Amino acid sequence: MRILVTGAAGFIGSNLVKALENHFPTYEIYALDDFSSGGHFKNLLGFKGEVITADISLKEVWERLKSYRFDVIFHEGAISDTRVLDQGLVMRVNAESFKYLLDLAKCSKSKVIYASSAAVYGNSPAPQKEDEGLVPENVYGFSKYAMDMIALKFMKINPDIQVCGMRYFNVYGPGEDFKGEYASMIRQMFMRIKKGQNPRLFKYGEQKRDFVYIKDVVNANIKAMESDVSGIFNIATGIARSFNDIVKIISDVTKKDINVEYFDCPYDFYQNLTQADISRARSFLGYIPEYDLETGIKEYINYLDKF
């Protein structure tokens, strides 16, 4: 089995390549990244497969990759930094390049499991379902929406090729070390507390998110690889938790009293609630999240305490 993981030096991609190597030691794993947008070589330390340094927006890269004849392609590569306001750039890197990837998959008959995002839902009411409320609020969310539309059209025309879109909600866990201010709120809050600083939250910390631990995300991707279904699936826990819940859990784990600094939210489009309906992933992929927020944060803090 020959597997390509794009965005492999990033948060989710690096966790995925390491899990694939551990679970499938006889498979050939290839890690592709251009080492920008959060990708860092240190995320791949210990990886034993071949590293391909390339820009996914270039058509010639995908033409060259056709010679590899990949059996499976995990596509995590993207501009995920929502501070990038160049709409054309985001669309070219995220959406247009996806067409080149699918052309490669068609030639090689490769399975494709790609990263979509809960950003496609914008401020749509919860619980978010895959076929409803697709009203993204920023160009990143729109680029993922465009990818989903490209994928659905491809699935219809090529029913013999498996394509799974994984709509990640708020992913957290080891491997976020190089995401800076775009790391999960869980990491940001804990690191401030560790430095003796107060965490800062929009008033009054009651906003809720569907936080999903990285190990559950990796498990969902592997289940998609092992299945024979196509479709778009929410990958989350199905349970919304508040930012205040995070503070309490960190306080319980660290045995520290935590004072939160609350301030006004400057964004009129800020999401107050994300919560996934994960029934489709449960039914078709057999995906069942194993980590609740308490378990995930406790394991993550054990990791972060090493820094």
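## Close-up views of a predicted model

**View 1. Strand 4 beside strand 5.** In strand 5, F74 finds its bridge partner in I113. One more pair here is I73, which stands opposite V112 in strand 5. Strand 4 (residues 72-75) and strand 5 (residues 111-117) run parallel and are joined by four bridges. Helices (H or I, at least four residues) and strands (E, at least two) are DSSP runs, numbered from the N terminus, and two strands pair if DSSP finds at least two bridges between them.

A word on the model before moving on: this is a predicted model, in which local features need pLDDT of at least 70 and side-chain atom pairs count only at pLDDT 80 or more, while totals for chains, interfaces and linings use all residues. Residues are numbered from 1 along each chain as its sequence is written, and side-chain values use heavy atoms, with hydrogens and water left out.

View 2. Seven strands form an open sheet in the order 3-2-1-4-5-6-11, with parallel pairing. Its edges are strand 3 (50-53) and strand 11 (231-235), each of which pairs on one side only. Neighbouring strands of this sheet are turned by 20° against each other on average, direction ignored. Helix 1 (residues 11-23) packs on the sheet, where it touches strand 1 (2-6), strand 2 (28-33), strand 4 and strand 6 (163-168), and its direction makes about 160° with that of strand 1. Helix 3 (residues 87-108) lies across strand 4, strand 5 and strand 6, at about 160° to strand 5. For these angles, axes are lines fitted to C-alpha atoms, for helices over the stretch in contact, and the values run from 0 to 180 degrees between N-to-C directions; contact means heavy atoms within 4.5 Å.

View 3. Strand 4, helix 3 and strand 5 make a right-handed β-α-β unit. Strand 5, helix 4 (residues 139-157) and strand 6 make a right-handed unit of this β-α-β kind as well. A crossover is right-handed if, with the strands pointing away from the viewer, the path from the first strand over the helix to the second runs clockwise. Strand 5 and strand 6 run parallel and share six bridges, and S117 stands opposite Y168 in strand 6. Why is strand 5 largely enclosed by the rest of the structure? Six of its seven residues are buried, where buried means under 20% relative accessible area, exposed over 50%, and partly exposed in between (1.4 Å probe, protein chains only).

**View 4. A115 and its surroundings.** A115 sits in strand 5 and counts as buried, at 5% relative accessibility. Which residues does A115 touch, not counting those up to four places away in sequence? They are H75, E76, K144, M147, M166 and Y168.

**View 5. T274 in its loop.** T274 lies in the loop between strand 13 (261-263) and helix 8 (279-285). Is T274 buried or exposed? T274 is buried, with a relative accessible area of 3%. Leaving aside neighbours within four places in sequence, T274 is in contact with Q128, F169, N170, K208, R209, D210 and A240.
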